[in-house]
Amino acid sequence: MSSTAIALDRPALPRGGAQAAAAADGGIRLDVAGLAMRYANGHVALHDVDLQVRAGEMVVVLGSNGSGKSTMLKCVVGLNRPTGGAIRVAGRDLARLSGEELRRARLPLALISQHANLVRRRSVLANVCSGTLGRRRRLATSLGFLPHEEIGTAFACLEEVGLPHLAQQRAGTLSGGQAQRVAVARALAQRPQVLLADEPIASLDPEAADDVMRLLRRLASDDGLAVVCVLHQTDLAARYADRLVGLRAGRLEFDQPASQVAPERIAGLYATALQ
Ligand SMILES: Nc1ncnc2c1ncn2[C@@H]1O[C@H](COP(=O)(O)OP(=O)(O)O)[C@@H](O)[C@H]1O
Ligand SMILES: [Mg+2]
């Protein structure tokens, strides 16, 4: 199939961060209240954490290793079952759902991680198409079995991350930065309202890291996604985030507009860990 044929059919992705944010619900896309997580071994990784994220907003979560950042994102996407609190997405509390109901309620959420985790021997486009799996019942083993519309969506997502020209390339041949942008495209193919990113630039060089951060920022500002990004790079956090959230030992230390967070407060998150 030629890429021209795909491009002609491309459906538009949702747009309009500002409009979405002005919606009746105040634009809140993710509402975490009193989140608690106690692991089976008794370790309490999260205590009473609140977090609200609006459409068009980018929140960066900071905290030292072990402060509970990944635990929080895993609870939100349903990889961890929280032991307390609520996670409201589109008016439903995910913490109270299970099975098929939970699977469907999670569809507005997409998670990207430090490693792109692409299937190396498959094409970039096939990898992006796998992002539509959550909405599809059957596993298609090749692009030929996918509805034309889904291939169009995947191609539009590749355009969104600036890589449509790599659609037919094998994923194993990509640079680290390209692979992470393809992982973002795969997440977008889920048509999420909330994009969660756990240290998405940890294994990238500075230039590729900046590209990915700019992309996440644009997805919030232009496409109205609610973005939650865990970072260790405090300079990039201050540059790109609307709000900074600080976690220390599983507790919320601060949640403030990025311009109002004093550098000492950020430094304090890491200094305390050494004591
Ligand atoms: N499956 C688990 N069982 C028990 N403890 C865990 C588990 N996963 C993480 N933890 C602990 O929970 C705390 C928070 O971990 P994590 O959320 O991965 O931190 P971060 O992402 O901020 O580095 C750590 O002390 C970690 O050892
Ligand atoms: Mg982590």
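**The sheet, the helices and the ligand**

Author: Strand 7 (residues 194-198) pairs with strand 8 in the parallel sense over five bridges, where strands are DSSP runs of E with at least two residues and helices are runs of H or I with at least four residues, each numbered from the N terminus; two strands pair if DSSP finds at least two bridges between them. This is a predicted model, in which local features need pLDDT of at least 70 and side-chain atom pairs count only at pLDDT 80 or more, while totals for chains, interfaces and linings use all residues. Residues are numbered from 1 along each chain as its sequence is written, and chains are lettered from A and ligands numbered from 1 in the order in which they are written.

Reader: Which residue of strand 8 does D198 stand opposite?

Author: Strand 7 and strand 8 are parallel partners. In strand 8, the residue opposite D198 is V230.

Reader: Through which helix does the chain cross from strand 7 to strand 8?

Author: The path forms a right-handed β-α-β crossover, meaning that, with the strands pointing away from the viewer, the path from the first strand over the helix to the second runs clockwise. The element between the two strands is helix 8 (residues 206-221).

Reader: How many residues of strand 8 are buried?

Author: A residue is buried if 20 or more other C-beta atoms lie within 10 Å of its own, exposed if 12 or fewer, and partly exposed in between, with C-beta atoms placed from the backbone. A226, V228 and V230 point one way from strand 8 and V227 and C229 the other way, yet all are buried. For strand 8 (residues 226-230), the count is five of its five residues.

Reader: In what order do the six strands of the open sheet stand?

Author: Strand 3 (residues 58-62) also pairs with strand 8 in the parallel sense, over four bridges, whereas strand 9 (residues 243-248) and strand 10 run antiparallel and are joined by six bridges. The pairing in the sheet is mixed, and the order is 6-7-8-3-9-10.

Reader: Why is one side of strand 6 and of strand 10 left without a neighbour in the sheet?

Author: Strand 6 (109-112) and strand 10 (251-257) stand at the edges of the sheet. One side of each is left without a neighbour because each has a single partner strand.

Reader: Which helix residues lie around ligand 1, and which helix gives the largest share of its shell?

Author: The shell holds residues near the ligand, that is, with a C-beta atom, placed from the backbone, within 6 Å of it. Ligand 1 is surrounded by residues including K69, S70 and T71. The largest share of the shell, three residues, comes from helix 3 (residues 69-77).

Reader: Why is helix 3 described as largely enclosed by the rest of the structure?

Author: The buried residues of helix 3 include K69, M72 and V76. Helix 3 is largely enclosed because the number of its nine residues that are buried is seven.

Reader: Does G268 count as buried, exposed or partly exposed?

Author: G268 lies in helix 10 (residues 263-274). Because G268 has 15 C-beta neighbours inside 10 Å, it counts as partly exposed.
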